[in-house]
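Walk through the model below with me. We take a helix, then a set of strands.

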Amino acid sequence: MEMTAWSEYAAAKSRLIGGLRGTVLELGAGRGANFAHLSPNVSWIGLEPHDRTRAALLRTAHDLRRRQVLAAPAERIPLPEASVDGVLSTVVLCSVSDLGAALAEVRRVLRPGGRFVFFEHVAAPPGTWTYRLQRLAAPFSRTFDKGCDPTRDIGTAIRSAGFATVDLDRYIRPGPLQVPFIAGVAHNAADQRRAAR
Ligand SMILES: C[S@@+](CC[C@H](N)C(=O)[O-])C[C@H]1O[C@@H](n2cnc3c(N)ncnc32)[C@H](O)[C@@H]1O
């Protein structure tokens, strides 16, 4: 499996997040760690289901010119279909309770041709030490780290979600745990009706 150097990961964040335009929905926006990468011209909608995190997010989001914060999970996005130009997710899909439902919601709210930008930690290949450690840690992280499941094959789930294109790079975060990450962009079909036939 081909790996991209970890030193490229930060550059990919600036490029892919900074390239989002128009109305951008950010899933699990946390405390606003991605604001530094977003263009000041976007209309930003943050989705954050956790009350305390959302309160902190509301304070940080004051710097954005056009903003809205929604109290909802990615599995039930309270927006009409085809209503946003881009969706952003950074280390969120490990935590959603239903990954398939969340990705279906991303496709639903994205306009035709819209892009989904993601940066996620993922499961190591089965049989590796990292995968064994991820499996051992999973019950604890699910309970104590907002539902985080480190054993998810998020790349395969995104590829199977029905996007017209998916381009992703794989990375290993340096350190003793050698945790794999993916980063990339998926596009909704420009003509959804034709894609659905
Ligand atoms: C590891 S944090 C990442 C925060 C931020 N995206 C960042 O990169 O700093 C995961 C975030 O996902 C949120 N989250 C958990 N379950 C979620 C769900 N079902 N739908 C949307 N967000 C969720 C958590 O509240 C938390 O803010």
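This is a predicted model. Begin with the buried residues of helix H4: Thr130, Tyr131, Gln134, Ala138 and Ser141. Strand E7 (180-187) is among the elements that cover them.

Now follow the axis of H4. The helix bends by about 45° at Ala137. A proline, Pro139, follows within four residues of that bend. What does the end-to-end span of H4 say? H4 covers residues 129-144, which makes 16 residues. At 1.5 Å a residue, H4 should therefore span 22 Å. The C-alpha atoms at its ends are 22 Å apart, so the two values agree. After H4 comes Lys146, and the phi of Lys146 is positive, near 50°.

Turn next to strand E2, residues 43-47.

E2 has a partner in strand E1 (residues 23-27). E1 and E2 run parallel, joined by four bridges. In this pairing, Glu26 stands opposite Gly46 of E2.

E2 also pairs with strand E3 (residues 66-70). The sense is again parallel, and five bridges hold the pairing. Here Ile45 stands opposite Gln68 in E3.

Which helix belongs with E2 and E3 in a β-α-β unit? Helix H2, residues 51-60, does. The unit of E2, H2 and E3 is right-handed.

Methods:
Residues are numbered from 1 along each chain as its sequence is written. This is a predicted model: local features need pLDDT of at least 70, side-chain atom pairs count only at pLDDT 80 or more; totals for chains, interfaces and linings use all residues. Side-chain values use heavy atoms; hydrogens and water are left out. Helices (H or I, at least four residues) and strands (E, at least two) are DSSP runs, numbered from the N terminus. The expected span of a helix is 1.5 Å times one less than its number of residues. The bend at a residue is the angle between axes fitted to the seven residues ending there and the seven starting there. Buried means under 20% relative accessible area, exposed over 50%, partly exposed in between (1.4 Å probe, protein chains only). Contact means heavy atoms within 4.5 Å. Two strands pair if DSSP finds at least two bridges between them. A crossover is right-handed if, with the strands pointing away from the viewer, the path from the first strand over the helix to the second runs clockwise.
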